[in-house]
Amino acid sequence: FLVSILLSCCLCESVSANARMKNKVVLITGGSQGIGKGIAEIFAQEGATIIITSRTASKLAQTTKTIAQKGGNISYAVADITKPDEMQKVVKDIISKHKRIDVLIHNAAGIYPFRKCEDMSYAEWREAIATNLEVMAGLPVPILSAVIGEGGSGGALAIGVADRILM
């Protein structure tokens, strides 16, 4: 359902199935599994060029292999969304290769740990906040100018999952 809405929002013209995202460059954070992987699969079916990121190279490689075997145009970059310099490098590499980013799906999150706040150490709490809350507001800033571009036609979607931190 979410992907259907997303595709509808991203597509302004009526084109044939399996080509609606042709020539579109899509960056998906947290793209190696779960919702991000599902979104990558749908965009691949629609003809997009996809770049997925996460911190885990083995999961990225497996997802990339799976989608590529089905004909998807996909690559990956290992990057931690809590480290702006890593994400800026990803964006720089994408712009260098593809000249633009048409769609940003900001989906990455890491829940650490799955227990009540009062049972977390301060370090665990800070990591949960940094990964799940701060990046929702902070990551798109260096990327949005690349997504919007000169023509102002790009789009971005942030998917938050901070509800899993139990208060």
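Author: The expected span of a helix is 1.5 Å times one less than its number of residues. The model discussed here is predicted.

Reader: How do you know that the span of helix α4 agrees with its number of residues?

Author: Helix α4 covers residues 84-98, which is 15 residues, and should therefore span 21 Å. Its end C-alpha atoms lie 21 Å apart, so the two values agree.

Reader: Why are M87, V90, V91, I94 and H98 of α4 called buried?

Author: Buried means under 20% relative accessible area. M87, V90, V91, I94 and H98 are buried in α4, so each of these residues falls under that limit.

Reader: What makes the buried residues of α4 line one face of the helix?

Author: Viewed down the axis of α4, the buried residues fall within an arc of 95°, and they therefore line one face.

Reader: Which residues are exposed on the other side of α4, and why are they called so?

Author: On that other side, D85, K92 and S96 are exposed.

Reader: What confidence does the predictor assign to the protein chain?

Author: The mean pLDDT of the chain is 78, and 68% of its residues reach 70 or more. Over residues 1-9, however, the pLDDT is below 50, and this stretch has 13 contacts beyond near neighbours in sequence.

Reader: Which elements does the protein chain contain?

Author: The protein chain has six helices and five strands, in the order α-β-α-β-α-β-α-β-α-α-β from the N terminus.

Notes
Residues numbered from 1 in each chain as written. Predicted model: local features only at pLDDT ≥ 70, side-chain atom pairs only at ≥ 80, totals over all residues. Heavy atoms only, no water. pLDDT = per-residue confidence, 0-100. Contact = heavy atoms within 4.5 Å. Helix = DSSP H or I, 4+ residues; strand = E, 2+ residues; numbered from the N terminus. Buried < 20%, exposed > 50% of the residue type's maximum accessible area, 1.4 Å probe, protein only. Arc of directions from axis to C-beta.
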